[in-house]
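Welcome, and take a moment to look around.

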Amino acid sequence: MATVIGQVECPACGHPKAEVREGKAGTATIYCGECKAQTWAKSPKASSGLRSRIAAAGGAAKPPADDDGNWLRKL
Ligand SMILES: [Zn+2]
């Protein structure tokens with residue numbers, strides 16, 4: 001089972017929300033739902049490069065935007 005770990009720009013069509021999936025053995029794959037392209041990170045360098053792109057894009061582990069402006073609710 002692959003797990004979606006973030007989103008990056010699709011290397012094929014430029015769609016901004018191609019999924020990055022982590023498969024068995026920690027290999028990362030880009031899957032674009034827009035153009036169906038798949039890209040595999042076949043080396044540790046490719047894999048870590050992909051992870052830093054996710055981090056740069058704020059893809060993974062991004063908390064939901066707290067943009068309702070009602071900060072009083074938390075007090
Ligand atoms: Zn694409």
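What follows is a walk through this chain, from its overall plan to some single residues.

Please keep in mind that this is a predicted model: local features need pLDDT of at least 70, side-chain atom pairs count only at pLDDT 80 or more, and totals for chains, interfaces and linings use all residues. Residues are numbered from 1 along each chain as its sequence is written.

Let us begin with the plan. The chain holds one helix and four strands, and along the sequence they follow the pattern β-β-β-β-α. Helices (H or I, at least four residues) and strands (E, at least two) are DSSP runs, numbered from the N terminus.

The four strands form an open sheet in the order β1-β2-β3-β4, with antiparallel pairing. Its edge strands are β1 (3–8) and β4 (38–40), each of which pairs on one side only. Two strands count as paired if DSSP finds at least two bridges between them. On average, neighbouring strands of this sheet are turned by 25° against each other, direction ignored. Such angles run from 0 to 180 degrees between N-to-C directions, and the axes are lines fitted to C-alpha atoms, for helices over the stretch in contact.

Now cross the sheet strand by strand. Five bridges join β1 to β2, and here valine 8 has alanine 18 in β2 as its bridge partner. Four bridges then link β2 to β3, where valine 20 stands opposite isoleucine 30. Between β3 (residues 28–31) and β4 there are three bridges, and isoleucine 30 stands opposite threonine 39 in β4.

Next comes helix α1 (residues 44–56), which packs on the sheet and touches β1, β2 (18–22) and β3; its direction makes about 70° with that of β1. Residues are in contact if their C-beta atoms, placed from the backbone, lie within 7 Å. The 13 residues of α1 should span 18 Å at 1.5 Å a residue, and its end C-alpha atoms are 18 Å apart, which agrees. The expected span is 1.5 Å times one less than the number of residues.

How much of the chain is buried? Buried residues make up 15% of its 75 residues. A residue is buried if 20 or more other C-beta atoms lie within 10 Å of its own, exposed if 12 or fewer, and partly exposed in between, with C-beta atoms placed from the backbone. Of the 13 residues of α1, one is buried, so the helix lies largely in the open.

The largest nonpolar core has nine residues: Val8, Cys10, Ala18, Val20, Ala28, Ile30, Cys32, Ala41 and Leu50. To this core β2 and β3 each supply at least two residues. A nonpolar core is a set of buried Ala, Val, Leu, Ile, Met, Phe, Trp, Tyr and Cys residues joined through C-beta atoms within 7 Å.

Isoleucine 5, in strand β1, counts as partly exposed because it has 17 C-beta neighbours inside 10 Å. Isoleucine 5 and arginine 51 are 46 residues apart in sequence and 8.7 Å apart in space, C-alpha to C-alpha.

Most residues other than glycine have a negative phi. Lysine 36, in the loop between β3 and β4, has a positive phi near 70°. With 10 C-beta neighbours inside 10 Å, lysine 36 counts as exposed. Alanine 25 also takes a positive phi, near 65°, in the hairpin of β2 and β3, which has five residues between the strands.

Terms used: Two residues are in contact if their C-beta atoms, placed from the backbone, lie within 7 Å.
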